Amino acid sequence: MPWLLSLAAVLAAALIAGRIAERAAIGDLRRSAAATLALQVAAFRTEIQKQGSLPLALASDPEIAASVGPSPDPALIGRVDERLAEIARASGAAVIYVIRQDGKAVAASNAGEPGSFVGAVYAFRPYFQQALAEGAGRQFALGTVSGRAGLYLSRRVAGPGGRAGVVVVKVEFDAIEEAWRKAGREGAETVMVTDPRGIVLMASEPAWRFGTLQPVPDEERRLVRERLEFGAAPLAPLPLHPAADGYGLVRVGSGALPARLALPLDAAIPGTTWRLHTLTRIGVAVARERVQAQVIAGLAVGLACLGLAEIVGRRRRLRASLAEAAARRSELEERVRARTQALTEANRQLKAEIAERQRTEAERQRLGRELAHAGRLAALGQFAASMAHEINQPLAAIRSYADNAGILIQRERFPEATENLAAVGRLTERIAGLTRQLKGFARKASGRRDPVALDQVVRASLEVVEGRLSGIDLALALPEPSPYVLGEGPRLEQVVVNLVQNALDAVGSVKNPRIAVTVRVTGERAVLEVGDNGGGLPDGGGQVFDAFFTTKANGLGLGLAISRGIVEECGGTLSAGASPEGGALFRVELPLAPAGQGAAA
């Protein structure tokens, strides 16, 4: 019965922990997806705003106004065609054209080209009708001539003789859709834009274009066909089905492929009636977190049950032992009373010895429990200190990149901001790798050694500490081609980051700070040296690799000890000495990868 209760407790703890971990993982994913959605909306809104003022400016052009009048001069039409073509090239618009009051196009940026809009009649288009009636209009539809989808922005033009016309700018979003598709291939979100009817106007999945989020009424379908908005598109519902998991997820079906879980989010695009939707793939990350939490909770509860069983068994054995000792003592006392006074004295000595043994046994058990408790606390302290030390470096870099990205976004330097955010993503992946490494810190490393380009290790490490290199004279000497060494790339980056951080701390108070990072090949080994012109090593550097030895006020004394362990696991050596410039010099030697393996890598 106790074993059944223990098994039930283990299973219950595993289920509860898995549910909690799954909820936390999905919550983190939702926050990340919301931030990505906001960026997507801002980028899309910027693209629309870039073209939004162009029709208004063109409507006030006197030559464009004259072109919609009765019998315009052919030379005037030619000048308008050339100007529209030049403006289209400069602004990135797909096409710009001018329509008379009767709906016929009289000038266009693609005049004289195959598929020119000149001569086509657009009186049936809602954007033409809206512009004539209200002064401005917009519509997303397929082109009747080009067959390409785009957003039509129209503006009424006041022509001579009281006649009116319309100037139209067509904006295509091929570049945005291609960026969405590229991100989708790299495992990011599926992105799409819908109109108020739920019809998908553009999407990172080409097959989803002109699909619907909900069924379209027959009357609305008839109007869509009459206006030639989406050609012969069937307006079929998208393969999205609610998942019964309580987290608001959906299952995305892709034909013959198995359905996958995704987190749906959407937001309105300011200045339009459209909404931008993202479907963030759940993937294996949530399942991995759930299984990991279940295993940890099951092991913890199982060990607790085993410990409780051991305590109960020990108490039972102790009671039996004490009962047996009491019975023996009573028997001895009875026999002593029947014997002489000498045996009585011997009996007293025996009872004293038994009491002393009981005290000794109790003290031994107490000391054993305290020793075990101290061991657990020491292991926990080492683990926590290591994690704090190693993660602090990339966190500082992430803070710097995030601040820079905020400034760049305020200055509308979006490509550079995107690069900063991409660097944040890489550093986040690095933190994830560090946590995986720190989880295995108490056990031996995997022992696997692969060819690694040493210059890539150095450059990736300098990226982490880039925020602290301002004002530092950094001498970087990397050979071409880069030597390949046998080791584990992320762990070697951890070593280089630690050495460069120590060098930065050493030159913090130097007038002309200088750090030199050199890579060279010596025989069958690659040598990496990090030197500085700081204050040098204490006592010749004899104790710098000892755990918990540090000269920093806030240091833990673990960085160099961990670094030496990593280098030695990769088959190399880490030593310290004096730099020719007067500071400290750390030298890492690693075995070169065989020629065939280095070329393959």
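Tutor: Ser71 lies in the loop between α3 (62–67) and α4 (74–91). Its phi is near 50°, a positive value in a residue other than glycine. Helices (H or I, at least four residues) and strands (E, at least two) are DSSP runs, numbered from the N terminus. This is a predicted model: local features need pLDDT of at least 70, side-chain atom pairs count only at pLDDT 80 or more, and totals for chains, interfaces and linings use all residues. Residues are numbered from 1 along each chain as its sequence is written, and side-chain values use heavy atoms, without hydrogens or water.

Another loop lies between β13 (473–477) and β14 (484–487), and Pro481 is in it. A cis peptide bond joins Glu480 and Pro481, with omega at about -5°.

Now the helix itself. α12 covers residues 489–506, and α13 covers residues 559–569. Their axes (lines fitted to C-alpha atoms over the stretch in contact; angles run from 0 to 180 degrees between N-to-C directions) come within 9 Å and cross at roughly 145°. The crossing is left-handed: the near helix is turned anticlockwise from the far one by less than a right angle.

Which residues of α12 and α13 meet? Contact means heavy atoms within 4.5 Å. From α12 come Arg491, Leu492, Gln494, Val495, Asn498, Leu499 and Asn502. From α13 come Gly559, Leu560, Ile562, Ser563, Ile566, Val567 and Glu569. By class, that makes seven nonpolar, five polar and two charged residues. Here Ala, Val, Leu, Ile, Met, Phe, Trp, Tyr, Cys and Pro count as nonpolar, Asp, Glu, Lys and Arg as charged, and the others, Gly among them, as polar.

On a 1 Å grid over the protein atoms alone, a cavity is a set of points where a 1.4 Å probe fits but cannot get out; lining residues have an atom within 4 Å of a point. Points are joined across faces, edges and corners, and volume is the space filled by probe spheres set on them. The whole structure holds one cavity of 30 Å³ or more. The largest cavity has a volume of about 40 Å³. Leu454, Leu492, Val495, Val496, Leu528, Val588 and Leu590 line the largest cavity. The lining has seven nonpolar residues, no polar and no charged.

Key
On a 1 Å grid over the protein atoms alone, a cavity is a set of points where a 1.4 Å probe fits but cannot get out, and a pocket is an open set with protein on both sides within 12 Å along at least five of seven lines; lining residues have an atom within 4 Å of a point.
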